[in-house]
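Visitor: I have a model open and want to learn how to read its packing. Please take me through it.

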Amino acid sequence: MAPHPTIPSQHLWRDQIVDTPDEILTLLFDNYRVLMYAGDFDGSMCNQLGVYRTLRSVPWGHSDSFNAASRCLWRMGGQPAGMAQSAGGLTWVVVFNSGHLVPMNQPAHAFEMIRRLLDGSTPSLCEQPAA
């Protein structure tokens, strides 16, 4: 079936079902600060469990350090905001009380994560190791 010319999502469908090659993720993780996040209540097919498994399987310069790193509790205003894990330039965050659209469900949390990514302080999301 040909894509409908006025529905943008129809034109993007083929891109949605193509896997991202590990080489692209390796290039990103080895050369840039990267923030990956998901909500703990994300029920979509790209939820926190699948993203975390993918992150653990990508071969990159700090993959052993990332896989060995402890997750820690991230707090905002003294309240638990999520769990974070960092190594090299990669930071992975599971945002508490959020679904698939973290910026809509937890806008202050999303803003703080992105602010820290841009100013280079994302690893400091971790205050203490999680139990």
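Visitor: Which residues does Trp 60 touch?

Guide: Contact means heavy atoms within 4.5 Å. Leaving out residues up to four places away in sequence, Trp 60 touches Thr 26, Phe 29, Asp 30, Phe 66, Ala 87, Gly 88, Gly 89 and Leu 90. This is a predicted model: local features need pLDDT of at least 70, side-chain atom pairs count only at pLDDT 80 or more, and totals for chains, interfaces and linings use all residues. Numbering starts from 1 along each chain as its sequence is written, and side-chain values use heavy atoms, without hydrogens and water.

Visitor: Which residues have the most contacts inside the largest nonpolar core?

Guide: A nonpolar core is a set of buried Ala, Val, Leu, Ile, Met, Phe, Trp, Tyr and Cys residues joined through side-chain atoms within 4.5 Å. Buried means under 20% relative accessible area (1.4 Å probe, protein chains only). The largest core has 14 residues, and Phe 29, Leu 55, Val 58, Trp 60, Phe 66, Leu 90 and Trp 92 have the most contacts inside it. H2, S1, H3 and S4 each give two or more residues to this core. Helices (H or I, at least four residues) and strands (E, at least two) are DSSP runs, numbered from the N terminus.

Visitor: Which residues of helix H3 are buried?

Guide: An α-helix has 3.6 residues a turn, so residues three or four places apart point the same way. In H3 (residues 48-57), the buried ones are Gln 48, Val 51, Tyr 52 and Leu 55. They lie on the same side of H3 because they cover an arc of only 100 degrees around the axis, taken from the directions from the helix axis to the C-beta atoms.

Definitions and conventions. Buried means under 20% relative accessible area, exposed over 50%, partly exposed in between (1.4 Å probe, protein chains only).
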